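Open the model in your viewer and keep the selection tool ready. The tour moves from stop to stop.

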Amino acid sequence: MAKNKKRYICQECGYQALRWSGKCLGCNSWNTLVEEIIDTKEQKKEAQVTTNIRPEKINEIEIESEDRKKTGFSELDRVLGGGIVPGSLILIGGDPGIGKSTLLLQTSYNVSQIYDKVLYISGEESPRQIKLRADRLETINSSMYILAETNLLTIVNNVEELNPDLLIIDSIQTIYNPNLESAPGSVSQVRDATGRLMRLAKKNNIPIFIVGHVTKEGSIAGPRVLEHMVDTVLYFEGDRHYTYRVLRAVKNRFGSTNEIGIFEMRQGGLSEVLNPSQLFISERANNVSGSVIIPCMEGSRPILVELQSLVSSATFGTPSRMTTGVDHKRVSLLLAVLEKKLGLHIQGQDVYINIAGGFQVDEPAVDLGLIAAVVSSFRDIAIPQEFVILGEVGLSGEVRAISQIEKRINEASKLGFTKFIIPKSNSEDLNYSDIEIYGVSNVYQVLDLILGG
């Protein structure tokens with residue numbers, strides 16, 4: 001009779017050791033090794049070979065013309081690459097209370113209206129609690145099925161019997177296999193549950209959403225192999241102090257990872273933000289120094305954001321440098337360029353940079369606008385309202401070309417902006433009759449245009 005084996009498995013990286021130690025040799029984390037029992041009988045069952053599957057020629061594989069399911073949210077479809085691919089396994093993570101369950105419950109309602117049966121499995125809420133939330137969101141449909149269960153074997157049996165068009169697991173850390181001795185949420189349980197759900201999705205061609213808890217660092221909890229096993233990894237981001245939420249793909253086997261979807265949290269649930277540019281600049285004050293509009297690219301979508309700067313005399317000996325929405329190190333680099341190349345004495349000034357609305361921007365196209373905003377606040381001269389400024393700035397003060405310039409200009413011109421300051425190399429091939437374009441090659445020319453030198 002085979003005896004069960006004991007292993008000590010790191011709950012951070014999945015490293016296995018025969019003996020316990022305070023430090024994991026795989027990721028150097030402390031106190032993360034947990035004893036887990038491996039069932040040898042279960043391993044033998046899994047070792048059985050399926051003989052009725054044969055390789056297929058790739059040119060003979062048939063694909064249906066409409067191979068993606070619509071979610072009823074155009075923003076979610078955009079992030080997924082055009083819709084849900086049947087048989088795909090999608091992992092969604094985010095901070096507690098950010099709206100993951102709300103998004104999936106509304107998606108369940110939309111899919112059940114467009115197609116047929118949707119099975120929502122919750123390991124954290126009872127059916128009555130889910131019904132109360134569905135009543136508040138007005139997402140009640142006879143094609144929606146609710147199951148409050150954490151036993152993986154029971155879940156698989158119910159899915160194969162019902163054969164839904166969409167399956168949602170909330171959350172993967174609560175699901176457990178009774179044949180494994182480890183506790184729910186451990187590395188072995190999460191890995192086994194994800195593997196079985198993946199095989200279930202591919203076998204029955206059922207798309208599956210699984211919710212994953214996040215750690216205090218913001219990454220999805222559990223072993224990194226969890227993100228490798230799934231087809232798509234989505235992060236639902238946002239600030240509790242703002243009503244909008246950003247859905248971002250960090251892995252997508254069926255589409256781009258550069259797309260984002262923007263939602264607004266309201267009393268009746270999540271609603272799509274179809275024109276985010278207007279949302280982020282709608283409350284911009286008139287004739288205020290330190291404010292500038294910058295078109296940023298998120299995937300294929302241009303989004304206009306307002307960058308604000310405040311420069312004031314330092315109260316204490318060490319000046320403050322605070323940023324929200326932009327990279328702190330990048331701001332320090334650009335301030336050094338202003339100090340060295342333009343002779344502005346900012347060393348004794350407090351500098352605060354903010355992207356209005358809490359939006360996060362991570363691209364070099366904001367460099368030129370950031371410099372203009374800092375100088376505008378430093379001299380207390382407002383940048384004209386009709387100006388849009390964008391371009392990358394080098395260490396010698398030169399302005400470098402950026403990508404997708406026409407999309408950025410077209411988006412800004414739709415909202416009424418008529419003057420654009422862009423890199424000179426980008427302006428050579430542009431031809432617009434209704435707007436003014438100024439091509440600049442260094443930061444001095446920018447300050448001459450908007451601040452009078």
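**Start at the end of a helix**

Select N205: this residue, just after α6, takes a positive phi of about 60°. Before going on, note that this is a predicted model, where local features need pLDDT of at least 70, side-chain atom pairs count only at pLDDT 80 or more, and totals for chains, interfaces and linings use all residues. Residues are numbered from 1 along each chain as its sequence is written, and side-chain values use heavy atoms, with hydrogens and water left out.

Now select α6 itself, residues 187-204. Helices here are DSSP runs of H or I with at least four residues, strands are runs of E with at least two, and both are numbered from the N terminus. The expected span of a helix is 1.5 Å times one less than its number of residues. For the 18 residues of α6 that gives 26 Å, and the end C-alpha atoms are 26 Å apart, which agrees.

Colour the buried residues of α6: V187, S188, Q189, V190, A193, T194, G195, R196, L197, L200 and A201. Buried means under 20% relative accessible area, exposed over 50%, and partly exposed in between (1.4 Å probe, protein chains only).

Zoom in on D95. It sits in the loop between β4 (89-94) and α3 (100-114). D95 counts as partly exposed because its relative accessibility is 38%. Not counting residues up to four places away in sequence, D95 touches K100, V214 and F236. Contact means heavy atoms within 4.5 Å.

Step on to S101, in helix α3.

Is Q106 buried or exposed? At 9% relative accessibility, Q106 counts as buried. Beyond four places in sequence, Q106 touches F73, L137, T139, G269 and L270.

**Last stop: the cavity**

A search of the whole structure finds 1 cavity of 30 Å³ or more. On a 1 Å grid over the protein atoms alone, a cavity is a set of points where a 1.4 Å probe fits but cannot get out; lining residues have an atom within 4 Å of a point. The largest cavity has a volume of about 40 Å³. Select its lining: R68, L80, G83, I84, V85, S88, I90, T232, N252 and F254.

Methods. 1 Å grid on protein atoms, 1.4 Å probe; cavity = no way out; pocket = protein on both sides within 12 Å on 5 of 7 lines; lining within 4 Å. Points joined across faces, edges and corners; volume = space filled by probe spheres on them.
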